[in-house]
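Please find below a short note on the model. The points are numbered for reference.

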Amino acid sequence: MKSDLNNLLKATSRSFYLTLRVLPAAVRPQIGLAYLLARTTDTIADTELVSVQGRLEALDGLRRRILGESSAALDFGRLKEGCGLPAERVLLERVEEALRLLEQLPEADRRLVREVLRVITSGQELDLKRFAEAKTGSIVALETEAELDDYTYRVAGCVGEFWTRICRAHLFHNARLDEDLLLSNSVRFGKGLQMVNILRDIPQDLRKGRCYLSRQSLAAADLSPDDLLSAANLARFRPLYDQWLGVAEAHLAAGWDYTNALPSGQFRVRLACAWPILIGARTLRKLHIENVLDVTRRVKVSRPEIRALIGRSILLYPWPAAWLGQFGRELSSRT
């Protein structure tokens, strides 16, 4: 990965850049490039100054280029004007450079990158269509838990599969592992991280007219998406919310099992997996005690906390029992 693209990665994701830096060099370019392309498609999907139809067309154009189905030039002029962050604008400006790097990957790696981007963009397109009429005061919600599970797979669970196949091919292809269980847990790993984001960002999503929590589950608890706009309704919402936190915890626990099923000598890959899981667990701990419906208080793990989690994980790695206990301690330390 070229150094300037590494700088772009650093500018667009503080947490993922840490993960990328610790990964072995054999898989860093493929995973970093896949992330950059996914971040670019996400930027297109999120640029609200452009119409939904315009974003769908731009997303389709980039998807076709990524999949090698088109060579048409990409024009993101209007999208660049609507970017909220300079780094996002640069992503769009340098998309051709990223696409050239994709073409330079070995065929097997290129195929894996294309497949994960195909699934991710399908989720982004579905999201745009589903929430096309969503706006403040007119909330659109997912209907069922199945729709939520499908969404978390498309935008995050599939990344676990990609990560596993890339690492398996380049780092430990001869290791004797339960392949089916490894892939299953890798999907749950990704879903868990996405669920944490969804459960943390409820107030912000609602004010965009989006509710990722299913209408059916809310109705069964005598709630509607509009009820979640008021922080005063937390007591009514908390029992159902705790159930969703439990789903996220179970997915992250599967991710922790996944991490520790990897060959013990792959300490760099294990660390790269452990950090987002531990940060996710720390976030869940906060969500258990905070009023998640309060739009004035966005729950997040601070930079000093992240540094402490990372440092502790490195120090504990030589002691298997202490290392294995990290995830459980994060979840049990609720105050």
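How are H3 and H4 oriented to each other, roughly parallel or roughly antiparallel?

1. H3 and H4 are roughly antiparallel, because angles over 145 degrees count as such. The angle between H3 (residues 28-46) and H4 (residues 52-66) is about 165°, and their axes lie 8 Å apart. Axes are lines fitted to C-alpha atoms over the stretch in contact, with angles running from 0 to 180 degrees between N-to-C directions. Helices are DSSP runs of H or I with at least four residues, numbered from the N terminus.

2. This is a predicted model, in which local features need pLDDT of at least 70 and side-chain atom pairs count only at pLDDT 80 or more. Residues are numbered from 1 along each chain as its sequence is written.

3. H3 contributes Leu37, Thr40, Thr41, Ile44, Ala45 and Asp46 to its contact with H4 (heavy atoms within 4.5 Å), and H4 contributes Arg55, Ala58, Leu59, Leu62 and Ile66. By class, seven of these residues are nonpolar, two are polar and two are charged.

4. Nine aromatic pairs turn up in a search of the whole structure. The rings of Phe, Tyr and Trp (its six-membered ring) pair if their centres lie within 6.5 Å. Trp256, Phe267, Tyr317, Trp323 and Phe327 are linked into a cluster by ring pairs.

5. Glutamate 93 is in helix H6 (residues 86-93). Lysine 80 is 13 residues from glutamate 93 in sequence, and their C-alpha atoms are 7.7 Å apart in space.

Definitions and conventions
Side-chain values use heavy atoms; hydrogens and water are left out. Helices (H or I, at least four residues) and strands (E, at least two) are DSSP runs, numbered from the N terminus. Angles under 35 degrees count as roughly parallel, over 145 as roughly antiparallel, 65 to 115 as roughly perpendicular and the rest as oblique. Ala, Val, Leu, Ile, Met, Phe, Trp, Tyr, Cys and Pro count as nonpolar, Asp, Glu, Lys and Arg as charged, and the others, Gly among them, as polar. Rings of Phe, Tyr and Trp (its six-membered ring) pair if their centres lie within 6.5 Å; planes under 30 degrees apart count as stacked, over 60 as edge-to-face and the rest as tilted.
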